[in-house]
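Take the overall layout and the individual pairs together.

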Amino acid sequence: MPPSETKAFGKCRYDNPFQGVPAKVRCNGTMEDGSPFEAQFLSDGSDPRMLSDLEMADLPPMVLEALKPGLAGDPKLEGQK
């Protein structure tokens, strides 16, 4: 599914982006239609893009661990550490 945009209001927390590793970003708030949202991702400061299943499978263990619990329940990634 391609990424989409919608207006939302909330706040984000992020790790120190100056440690030389991708920073974990966690956001929550309310979308324009009133429904809640929660997002979690890693950022190295470059423009965002969706990763393919193959790219996700090739992520280093420390990156997969940093994304948890956002990946919990994803059957494609179950058992990976």
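A residue is called buried when its relative accessible area is under 20%, exposed when it is over 50%, and partly exposed in between, using a 1.4 Å probe and protein chains only. The model is a predicted one, in which local features need pLDDT of at least 70 and side-chain atom pairs count only at pLDDT 80 or more, while totals for chains, interfaces and linings use all residues. Residues are numbered from 1 along each chain as its sequence is written, and side-chain values use heavy atoms, with hydrogens and water left out.

The chain contains three strands and two helices. Here helices (H or I, at least four residues) and strands (E, at least two) are DSSP runs, numbered from the N terminus. Their order along the sequence is β-β-β-α-α.

The chain has 81 residues, and 12% of them count as buried. Its accessible surface is about 6,700 Å², with 57% of that belonging to carbon and sulfur atoms; such areas come from the Shrake-Rupley method with a 1.4 Å probe, and for residues only the protein chains shown count as cover. A contact means heavy atoms within 4.5 Å. Of the contacts between residues at least 6 apart in sequence, 24% join residues at least 24 apart.

Next come the links between side chains. One disulfide is found in the whole structure, a disulfide being a pair of cysteine sulfur atoms within 2.5 Å. The disulfide joins C12 and C27, with 2.0 Å from S to S. Because C12 belongs to strand β1 (residues 8-14) and C27 to strand β2 (residues 23-31), the pair ties together parts that are 15 residues apart in sequence. The torsion about the S-S bond of C12 and C27 is about 110°, so the disulfide is right-handed. As for cover, C12 is partly exposed at a relative accessible area of 44%, whereas C27 is buried at 9%.

The structure also holds one salt bridge, meaning a side-chain nitrogen of Lys or Arg within 4 Å of a carboxyl oxygen of Asp or Glu. Which side chains meet in the salt bridge? They are those of D15 and R26, at 3.5 Å from N to O. D15 sits in the loop between β1 and β2 and R26 in strand β2, eleven residues apart, and the pair links distant parts of the chain. D15 is partly exposed, with 34% relative accessibility. R26 is also partly exposed, with a relative accessible area of 22%.
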